[in-house]
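Keep the model open and find each residue as it comes up.

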Amino acid sequence: MSTVLNFNAGPAALPPPVLEQARAELRDYRGSGMSIMEMSHRSQEYEAINARAEATFKRLLGVDAGYRALFVQGGASTQFATVPMNFLPPGGVADYVVTGTWGEKAIEEAKVLGGANLAASTKGGNYDRVPAGGEIQLSPDPAYVHLTSNETIQGVQFPEFPEVGDRPLVADMSSDIMSRPFDASKFALLYAGAQKNLGPAGVTVVLIRESWMERANKGVPTMFRYSTHAKNNSLYNTPPTFGVYLLDLVLGWVAAQGGLAGMAARNAAKAGALYGAIDRSGGYYRGHAEPGSRSNMNVTFRLPDEAAEKKLLAEAQAAGMVGLAGHRSVGGVRASIYNATDGEACQALASFLGDFAAKNG
Ligand SMILES: *Cc1c(COP(=O)(O)O)cnc(C)c1O
């Protein structure tokens, strides 16, 4: 088996024990004589997986009564539209705090459907930070306030979330869900495509406060109503069964690692190793994000010129470290170090960066 150190941005690394278990159960799921992929989503086996995944998701986030976790399809990009379809009323306005590329995409979808107020944007600084609380201009009575907890492309993460009073708070947490503890009960809704921190591409998780769900717009087509998926336990139509199965295994793995507190400690050490290498390079590496907004999931930086960046990426690849090219829209280098990337991979990359700067700086 050939192994690499996988720094892909998404789809991304999965925990090795999860992949091993999936392989062991692939042909015969627990004595059923068939694969999970081959059985009905109405089977007892699958219903147990589905129910356990919802329960574990809510338990890890510390919410229970009053919330539902839904497993849907279409990626986070579909949620950019589904949120305003359900919660932006005719003539209403929703507030968006935009700190990077994904937030830009989210507000564009709201504008298709109604009024969207750019409550704050850090575009002026090329999205190198999150706004201070005082910079956020909320509407008096918005339908909701939307933010992106971690901007995957720029590598900018909210260290804590802004106060929004009693306005419903909505977040795209695609690239940092389950990476640290936070107060999920402050959110009316949060969503995440699974392919960064939760599992394979094809499943999207939505956590929604039930009392808010009841206030959704009428006249939304069936598949786009959150209430459809809640009433049917995410089994209204055929769900991505193998994806939910893997998601359930990943959630079990997170729980076994000490839950969100365990993940946060691991992730802080991993990111610390890489930012340490950047900060010790005497300016050879230039981190994109301001220190107070640095992401513990996506470490983004530039080198003195593009030739040096190309050389670094080629040498990293030769050393078995893959997925490090920055997003095509920003260039440079991006190390994505989601939950499943282990500390040893980050240590190896940090020492590679130190050696590379010493040789080329
Ligand atoms: C990857 C990503 C998306 C897009 O997710 P899809 O599942 O491809 O639609 C949206 N938001 C954030 C923060 C992401 O990291």
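A polar side-chain atom of Lys-196 sits 2.7 Å from one of the ligand's oxygen atoms. On its own, the ligand would expose 380 Å², and the protein buries 86% of that. These areas come from the Shrake-Rupley method with a 1.4 Å probe; for residues, only the protein chains shown count as cover.

A word on the model. It is predicted, so local features need pLDDT of at least 70 and side-chain atom pairs pLDDT 80 or more, while totals for chains, interfaces and linings use all residues. Residues are numbered from 1 along each chain as its sequence is written, and side-chain values use heavy atoms, without hydrogens or water.

Now look at the shell around the ligand. There are 13 residues around it, and Ser-77, Thr-152, Asp-172, Gln-195 and Lys-196 come nearest. Being near means having a heavy atom within 4 Å. Helix 3, residues 75–87, gives the most to this shell, with four residues. Helices are DSSP runs of H or I with at least four residues; strands are runs of E with at least two; both are numbered from the N terminus.

Next, go to the largest nonpolar core. This core has 54 residues, and Phe-57, Leu-61 and Leu-198 are among those with the most contacts inside it. A nonpolar core joins buried Ala, Val, Leu, Ile, Met, Phe, Trp, Tyr and Cys residues through side-chain atoms within 4.5 Å. Helix 7 (residues 241–256) gives the most here, with nine residues. Beyond residues up to four places away in sequence, Leu-198 touches several others, including Phe-57, Ile-177 and Leu-246. Touching, or contact, means heavy atoms within 4.5 Å.

Finish with Ser-336, in strand 14 (residues 333–336). Why does Ser-336 count as buried? Because its relative accessibility is 1%. Buried means under 20% relative accessible area, exposed over 50%, and partly exposed in between (1.4 Å probe, protein chains only). The side chains of Ser-336 and Asn-298 are joined by a polar contact of 3.0 Å.

Methods. A polar contact is a pair of N or O atoms within 3.5 Å; within protein, one must be able to donate a hydrogen and the other to accept it, and residues adjacent in sequence count only if both atoms are side-chain atoms.
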